[in-house]
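Open the model in your viewer and keep the sequence beside it. The tour below says what to select at each stop.

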Amino acid sequence: ELSLGENGIDDAATQQLATVLQSNSTVTSLNLAFNRVQDVGAQHIARALECNGSLRTLDLRNNRLTDVGARHLATALASNSALTAFNLSGNFVQDE
């Protein structure tokens with residue numbers, strides 16, 4: 001488990017994190033709750049999800065994501081069968 005909640009992580013940091021996650025096979029849970037991840041950061045994470053087959057849980061609660069970021073993540077999830085728990089609550093995502 002990698003718990004990075006409440007660390008002020010922003011889009012630039014998620015770019016670095018995504019690069020690592022693309023080739024990582026040991027992290028099964030990632031907590032990024034209560035940070036400053038926005039739509040660009042969601043795009044970076046989505047890119048990693050397309051390649052990562054080990055991450056089972058992703059917590060993005062209470063960040064700054066909108067529908068745009070949620071769509072990036074949803075697109076990536078279409079090709080990721082490993083992720084089984086995903087939390088976007090407390091963001092600026094509307095029900096569609």
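Start with the largest nonpolar core, which has 22 residues. Such a core is a set of buried Ala, Val, Leu, Ile, Met, Phe, Trp, Tyr and Cys residues joined through side-chain atoms within 4.5 Å; buried means under 20% relative accessible area, with a 1.4 Å probe and protein chains only. Select Ile45, Leu49, Leu58, Leu60 and Leu73, the residues with the most contacts inside this core. Helices H1, H2 and H3 (67-77) each supply at least two of its residues, and H2 gives the most, with five. Helices (H or I, at least four residues) and strands (E, at least two) are DSSP runs, numbered from the N terminus.

This is a predicted model: local features need pLDDT of at least 70, side-chain atom pairs count only at pLDDT 80 or more, and totals for chains, interfaces and linings use all residues. Residues are numbered from 1 along each chain as its sequence is written, and side-chain values use heavy atoms, with hydrogens and water left out.

Next, select leucine 60. Leaving aside neighbours within four places in sequence, its contacts (heavy atoms within 4.5 Å) include Leu32, Ile45, Leu73 and Phe86.

Now colour H2. Among its buried residues are Asp39, His44, Ile45 and Leu49. The buried residues of H2 pack against H1, strand S3 (57-59) and H3.

Last, show H1 (residues 11-23) with H2 (residues 39-51): they pack at an angle of about 0 degrees, their axes 8 Å apart. Axes are lines fitted to C-alpha atoms, for helices over the stretch in contact, and angles run from 0 to 180 degrees between N-to-C directions. The contact includes Ala18 and Leu21 of H1 and Ile45 and Ala48 of H2.

Methods
Buried means under 20% relative accessible area, exposed over 50%, partly exposed in between (1.4 Å probe, protein chains only).
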